[in-house]
Structures are given as C-alpha cells and as structure tokens.
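Dear colleague,

Here is the structure I said I would pass on. My notes on its charged pairs and its pocket follow below.

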Amino acid sequence: MAKFLRGGKVVIVLQGRYAGKKAVIVKSFDEGTSERPYPHAIVAGIETYPLKVTKAMPKKKVAARSHVKPFIKAVNYSHLMPTRYSLELEEIKGAVSTETLKEPSQRIAAKKVVRASFQKRYVAGKNKWFFTKLRF
C-alpha cells in the first residue's frame with residue numbers, strides 16, 4: 001500500500017473532541033511506537049476557525065475575528081481522512097514532537113508556535129481552504 005499520510009498532508013479528524021476539524025500531519029508513525037502500538041500521526045489543527053470579515057469592519061474588530069486557536073494531538077490513522085491539499089510546515093515541525101505531547105508546558109509553547117504560524121498564513125491569504133470551517 002502506498003504511504004500517503006506524510007508530513008504536510010491536510011487531513012480531517014473523524015473521531016473524538018476535534019471531529020470535523022481540519023489538521024495537518026506533522027509526523028507520521030506507520031508502524032506505531034511502544035507507547036502507541038498502532039499506526040498514528042501527530043497532527044496540528046484548528047480548534048476555532050477565524051470568523052467572517054468585511055471591508056466595513058474596523059481594524060481592531062478584524063484582528064479579533066482573525067483569531068485562530070490551534071490544537072496538537074496524536075491521532076490513529078483510522079480516525080483521519082486525507083484530503084488532496086498539503087501545507088508547508090517548516091516552523092511547526094521544529095516545535096512539535098512526541099516529547100512535546102507528554103509535557104504540558106512544552107505543549108503550551110508548541111501551541112503558541114503553531115498559532116503564530118497559522119495566524120501568519122491566514123493573514124497572508126495562503127491556504128484559504130484550510131482556514132474555512134467545514135460545512136456539513
């Protein structure tokens with residue numbers, strides 16, 4: 001079977017707290033690990049999507065509505081649905097790892113890096129589909 005769940009692939013989480021949310025694979029483990037003996041991936045996704053913005057809104061309101069809240073999670077492959085999209089994630093890769101998920105203070109620091117990266121992408125207007133809420 002072809003290995004298509006690689007770093008940078010945009011996926012949709014199907015189960016759990018973040019079901020229906022878009023995420024990007026940071027690191028994949030096809031064979032599993034000793035702690036998680038099943039194929040899984042570390043994903044960074046959007047918990048709260050940015051709201052709609054119009055030209056008439058003042059800058060302060062635009063800044064508030066352009067807020068992105070991220071999440072970082074290890075997810076089983078069977079709970080991920082791959083999409084045709086992919087993202088470049090050089091900044092995120094350095095911040096998120098398996099050790100990051102274990103320690104709460106490291107997780108918070110990694111979330112800040114992910115948030116800054118996503119925020120920068122959203123404001124620049126890149127990857128528009130990734131930052132829109134799924135409608136279903």
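Glutamate 88 counts as exposed, at 53% relative accessibility (exposed means over 50% relative accessible area, buried under 20% and partly exposed in between, with a 1.4 Å probe and protein chains only). The side chains of arginine 121 and glutamate 88 form a salt bridge, 3.4 Å from N to O (a side-chain nitrogen of Lys or Arg within 4 Å of a carboxyl oxygen of Asp or Glu). This pair links distant parts of the chain, 33 residues apart: arginine 121 sits in helix α4 (residues 104-124), and glutamate 88 in the loop between β5 (80-86) and α2 (90-95). Helices (H or I, at least four residues) and strands (E, at least two) are DSSP runs, numbered from the N terminus.

Before the rest, a note on the source. This is a predicted model, in which local features need pLDDT of at least 70 and side-chain atom pairs count only at pLDDT 80 or more, while totals for chains, interfaces and linings use all residues. Residues are numbered from 1 along each chain as its sequence is written, and side-chain values use heavy atoms, with hydrogens and water left out.

The structure holds 4 salt bridges. Another of them joins lysine 102 and glutamate 35, at 3.3 Å from N to O. Lysine 102 is in helix α3 (residues 98-102) and glutamate 35 in the loop between β2 (22-29) and β3 (40-48), so the pair ties together parts 67 residues apart in sequence. Lysine 102 is exposed, with a relative accessible area of 52%, and glutamate 35 is exposed at 58%.

Lysine 69 also forms a salt bridge, with glutamate 47, and the closest N and O atoms are 3.7 Å apart. Lysine 69 belongs to strand β4 (residues 69-76) and glutamate 47 to strand β3, so parts 22 residues apart in sequence are tied together. Lysine 69 is partly exposed at 37%, whereas glutamate 47 is buried at 16%.

Now the pocket. The largest pocket holds about 210 Å³ of space (on a 1 Å grid over the protein atoms alone, a pocket is an open set of points where a 1.4 Å probe fits, with protein on both sides within 12 Å along at least five of seven lines; lining residues have an atom within 4 Å of a point). Points are joined across faces, edges and corners, and the volume is the space filled by probe spheres set on them. Residues lining the largest pocket include Tyr49, Pro50, Tyr122, Phe131 and Lys133.

Regards
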